[in-house]
Amino acid sequence: MKLHRAEEIWLIVGVGIIILAMVFTGYQAFAHGMAPPSGMETLDPQKVDETAPFDNPGIFEVGADEYEVVMTLEAFRFNPNEIEIPAGSEVHFTMTSKDVVHGIQVIGTNINAMVTPGHVQRISQKFDTPGEYLVICNEYCGVGHQMMAMTIVVK
Amino acid sequence: MDLAEKNVFHHKITEALGVNAKDATLSLTFLVVSFTALLIGGVLGLLQGLNRAGLFELPAWFDYYQTLTAHGILLLLVFTTTFAVGYFYAALSHTLGGLLPKVRNMGWIAFGCMVIGVVFVAATIIAGEASVMFTFYPPMQASPWFYIGLVFLVVGIWIAAFGAFINVAHWRKKHKGQHIPLLAFFATGVFVMLVFGSIGVAVEVLTLIPWAFGWKETINVMLSRTLFWSFGHTLVNIWYLTAISAWYVAVPKIIGGKGFSDALTRLVVILLVILNIPGGFHHQIVDPGITESWKFIHVFMSLSIGFPSLMTAFAMFAVFERTGRRKGGKGLLGWFKKLPWGDVRFLAPFIAMAAFIPGGAGGIAQTNNQLNQVVHNSLWVVGHFHLTVGVTVALTFFGISYWLIPYLSKRKFTPQINRLGIIQTILWTVGMLFMAGSMHAVGLLGSPRRTSYTTYGNHQAALSWDPYLIFLAIGGTLLIVAVLLMVYIAVHLMFFAPKGKTEFPIAEQEADAYPAPKWTERWGLTIVLLIAIVAMGYVVPIIEILDVPGSPPFRTW
Ligand code: HEM
Ligand SMILES: [Cu+2]
Ligand SMILES: [Cu+2]
């Protein structure tokens, strides 16, 4: 099989762009720790209330301007369902689902992760700008899915 | 007679006799179901669009999520697969000199299975027993009959696929040393993908059924998701391969040109078949339970599909330019004006191709990790697949219908229908641009998919989405008019257009075309490579999630 010259050039340029995108994505993921949320720990989804840390959901100060939010998701609420933190805080979310698959998205940030029963999902975000951030469930989880929301207040 | 002559002779016979009436009935029956699914699915789509714009509240006995589950399944699974089977069975009948009686019977059995499947699925959704979306992620648990319906659908597809394999094998035995006709080659590729791509989801559904009957207490949620997307991702490429079969084979003939290199076309088919399955994790980029490295490997695999797509883009423009110049088009772009813009059989697939440029670019963008994290599960994604499936695939299918239906019904494609078709194409395109455009924009702002109208307690961010969502309703309204027109055209061409003969357009090769290499006919080798790549992409990550503690069922709707 032989290709036309023009087709060769077209394919080389096209493939080049794709490879460049890959290299960039890989570099950010593995060299800068910007990989997507991929929590690997598991737990028994029928025993969430008895399993640490989810036996005690809440907001915990873990360092200077650094918080951990231990959160459970269930139809159709987040627990805790109100978070208040000072501006400039780094927040580490540790989450699991008590029933079906949910998703968490904080509008105006890059927080976007699936939270499935049986896995512990983790994601971190620094909140620099004060405001009232809308947090929604972005995976269909039942008849009240459109009501599953809360806010993060950054002061 | 030497082989080439024999081929021509054979072709003449089918030309003279036209389509085999029994084969035509089978294909037309599949198309009737396909357009029925389009009609019902389209109406449901409009209701969703009106709801999301805040203009219309769906009743409790058929709420937003029932509507959306039905819309997704009818359009994604039923409309597309029944069209593909009807089209490719007609193509096999035409290019291989008729279906074998045995294969025709298998086609009818496949049809029966698929109809039973659709009835089960639709009935459980309407009864409110299965508001689980077309992805049916456990541990949401639908009625067992919903899953059993899915099994019937898959089994129907498999029977249709094996019928196609039998017919192709029979032809090859009788035409030793020849390449199977290009369109039959595409059909083989599509059916190979359908069979291998649906193995994962079949395994998933077979584990869901005992759980749904209560014989098994828990289900592995992450394993189910992963098996689902091994199929879901492949399905996308199955439509794509179906659509480009018409671009390569029919469109050049319609514009009065010659086909692009037969050899390179076959290479594109083989590449798509081999490369596509292990891309499924790009639907799970923000899932837990899959390591960052495996996600990266799948992203790489799904981007490799870009290669055959780039080849296709080149091929199409090469054919257009060559044809335009032969018709006297001069200068850098003069050839462009020489293309038959007034012929809907060309216009519809052309817009389909054009839509794939932003569609494909958007796909590449959202496959990369960080960008995915911005748009995952937002309306952006819904905009993306209305552009790709809703325009690229659907408009190509419509473009095929203008000649396939009258060919099958032994009727004529009239200038009046052509004019209606052009109006249809424009309405569809503009409607989809409004709808998909606003979905992309509002998705970037964070508006989620699969969510009935809400302002989240009048939160500022959610209120800022509303102006965009109005365009969703406008697009949906234009689209429903286009759906009605298309269904009218299809019915007219099936039963009412004037009797006559319509050609099944198959482009010839350029005189200086070089023959396809022998190895393109070695499907065994292609399938071994496919299995090897699937194993490479899936064995280890699946082992990693096998022992995740299981979930009991929930019904949250
Ligand atoms: C009359 C034309 C159409 C309209 C008005 C329409 C409208 C919509 C709307 C408003 C949504 C819901 C967004 C959400 O809440 O997530 C949606 C979802 C969807 N549409 Fe369409 N659509 C149309 C045609 C099509 C076509 C032709 C296809 C495919 C061939 C299609 C496939 C889908 C799929 C797969 C979903 C997602 C279902 C899910 O998330 O489970 N639609 N459509
Ligand atoms: Cu939800
Ligand atoms: Cu995919």
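**Aromatic close-ups**

**View 1. A cluster of rings in chain B.** Ring pairs join F35(B), F79(B), F83(B), Y87(B), F88(B), Y89(B), F191(B), F397(B), F398(B) and W428(B) into one cluster. Rings of Phe, Tyr and Trp (its six-membered ring) pair if their centres lie within 6.5 Å; planes under 30 degrees apart are stacked, over 60 edge-to-face and the rest tilted. This is a predicted model, where local features need pLDDT of at least 70, side-chain atom pairs count only at pLDDT 80 or more, and totals for chains, interfaces and linings use all residues. Residues are numbered from 1 along each chain as its sequence is written, chains are lettered from A and ligands numbered from 1 in the order in which they are written, and side-chain values use heavy atoms, leaving out hydrogens and water.

**View 2. F127(A) meets Y133(A).** Searching the whole structure turns up 46 aromatic pairs over all chains. Here the ring centres of F127(A) and Y133(A) are 5.2 Å apart with planes at 80°, so this pair is edge-to-face. F127(A) is buried at 1% relative accessible area, and Y133(A) is buried at 14% (buried is under 20%, exposed over 50%, partly exposed in between; 1.4 Å probe, protein chains only).

**View 3. F120(B) meets W145(B).** With centres 6.0 Å apart and planes at 85°, the rings of F120(B) and W145(B) are edge-to-face. F120(B) is partly exposed at 27%, and W145(B) is partly exposed at 44%.

**View 4. Charges over rings.** The charged end of R225(B) sits over the Y137(B) ring, 4.4 Å from its centre; that of R266(B) sits over the F185(B) ring, 4.9 Å from its centre. "Over" means NZ of Lys or CZ of Arg within 6 Å of the ring centre and within 35 degrees of the ring normal.
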